[in-house]
Amino acid sequence: MSDVSLATKPAAFDLAPTASATTPSRVREVFLPGDARRQTTFGTLRRRLRWPLGIYTTPVVILIVWEVLAQAGVLKPTYAPAPTDIAGTTVELWNDGVLGADLLISLQRAGIGLAIGLSIGIVTGVLGGFLRVGEYVFNGLAQILNTIPLLAVLPLFVVWFGIDELTKVLLIAFGAGVPMYLNLFAAIRGVDQRLIEMARTTGAGSWRVVTRVLLPGAIPGFLVGLRFSLAYSILGLVAAETVNADEGLGFLITQAQTYLQTNKVFVGLVIYSILGLLADQFVRTLERVLLRWRPSYEAT
């Protein structure tokens, strides 16, 4: 009988991972949404004490320093009256019925011009973003108009449309429409192409791609354009009310400048500043409502 050699049993391999393979050399950091981060009571209290008024903390500090310097005589009333003096002048103008009427007419001009500018900017931005023909028709013109200052077109508007209300409204519309078009066009063209392809592979038609992918993706750029349009409408209001205006905040500032009434000039500037802050807060509110679906970076 031949000697049959039995195959030796293979040695068992140790499949258990080693400690060096499983234990990372250092802890990996992971980015988490703002609401998933660990919030401590002490950290929240420290942030509130550091910035008790949020974005308004710095303006309030500037007002306090300004008041102290004015009361100490460092700032002369002719050049920079104290904030309390400006507030007193504001109350006086309001009680006399001057400030309320001027503010109302300025808001009417800004509102009408802003509505016209936003309407034109949104329509042309959508056409330029969705259609190649729209891009060829509107984009070059918008890029040219974007480089022209408001004060540069003001004399031309006076020649074309006269010195009535139409010139003022169109100047505000010009300032509001161009930034809306540019930002909305860039937002639509900036939507990720892979999202569009993914929607089409799932059977989505053109209308569904537009309403479910392109428009939601363009909302952040639209809000940026809205913020710039609101700001430029205020700038356009300032420029417009320097042309043959007999009422409005610009007229109030011009009259005060003529008679060297610095406190009234500051009243108009402060109101313009407040309008700018209110416009920013309006856009921030829209962002919280319309962009609730999008996690965003929260600064530490």
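Q: Where does leucine 260 lie?
A: In this predicted model, leucine 260 lies in the loop between α11 and α12. Its phi is positive, at about 55 degrees, although the residue is not a glycine.

Q: Why is leucine 260 called exposed?
A: Exposed requires over 50% relative accessible area. Leucine 260 has 74% relative accessibility, so it counts as exposed.

Q: How many helices and strands does the protein have?
A: There are 12 helices and 0 strands. Read along the sequence, the pattern is α-α-α-α-α-α-α-α-α-α-α-α.

Q: How close is the span of α4 to the expected one?
A: α4 has 13 residues, and 1.5 Å a residue gives an expected 18 Å. From first C-alpha to last, α4 reaches 18 Å, close to that expectation.

Q: Which residues of α4 are buried?
A: They are Pro83, Ile86, Thr89 and Leu93.

Q: What puts these residues on the same side of α4?
A: Their arc around the axis is only 115 degrees, so they share one side of the helix. An α-helix has 3.6 residues a turn, so residues three or four places apart point the same way. The buried residues of α4 pack against α3 (57-71), α5, α11 and α12.

Q: Which members of the largest nonpolar core touch the most other members?
A: Leu99, Val267, Ile271 and Tyr272 do, in a core of 19 residues. Elements giving two or more residues to this core are α4 (83-95), α5 (98-130), α10 (206-240), α11 (249-258) and α12 (262-290). α12 gives the most, with 6 residues.

Q: What does tyrosine 272 touch, leaving out residues up to four places away in sequence?
A: Tyrosine 272 touches Ile234, Leu237, Val238, Glu241, Leu249, Gly250 and Ile253.

Q: How many aromatic pairs does a search of the whole structure find?
A: The search finds 6.

Q: What makes the pair of phenylalanine 157 and tryptophan 160 stacked?
A: Stacked needs centres within 6.5 Å and planes under 30 degrees apart. Here the centres are 6.3 Å apart and the planes are at 25 degrees, so the pair is stacked. The two residues are 3 apart in helix α7 (residues 150-161), which means about one helical turn separates them.

Q: Is phenylalanine 157 buried or exposed, and is tryptophan 160 buried or exposed?
A: Buried means under 20% relative accessible area, exposed over 50%. Phenylalanine 157 has 11%, so it is buried. Tryptophan 160 has 55%, so it is exposed.

Q: Why is the pair of phenylalanine 157 and phenylalanine 174 called edge-to-face?
A: Edge-to-face requires planes over 60 degrees apart. These planes are at 75 degrees, with centres 6.2 Å apart, so the pair is edge-to-face.

Q: What does this pair tie together?
A: Phenylalanine 157 is in helix α7 and phenylalanine 174 in helix α8 (residues 165-189), so the pair ties together parts 17 residues apart in sequence.

Q: How do you know that phenylalanine 174 is buried?
A: The cut-off is under 20%. Phenylalanine 174 has a relative accessible area of 15%, so it is buried.

Q: Which residues do ring pairs link into a cluster?
A: The cluster links Phe157, Trp160, Phe161 and Phe174.

Q: What share of the protein's 300 residues is buried?
A: Buried residues make up 32%. The protein exposes about 20,300 Å², with 66% of it supplied by carbon and sulfur atoms.

Notes: Residues are numbered from 1 along each chain as its sequence is written. This is a predicted model: local features need pLDDT of at least 70, side-chain atom pairs count only at pLDDT 80 or more; totals for chains, interfaces and linings use all residues. Side-chain values use heavy atoms; hydrogens and water are left out. A nonpolar core is a set of buried Ala, Val, Leu, Ile, Met, Phe, Trp, Tyr and Cys residues joined through side-chain atoms within 4.5 Å. Buried means under 20% relative accessible area, exposed over 50%, partly exposed in between (1.4 Å probe, protein chains only). Helices (H or I, at least four residues) and strands (E, at least two) are DSSP runs, numbered from the N terminus. Contact means heavy atoms within 4.5 Å. The expected span of a helix is 1.5 Å times one less than its number of residues. The arc is that of the directions from the helix axis to the C-beta atoms. Accessible areas come from the Shrake-Rupley method with a 1.4 Å probe; for residues, only the protein chains shown count as cover.
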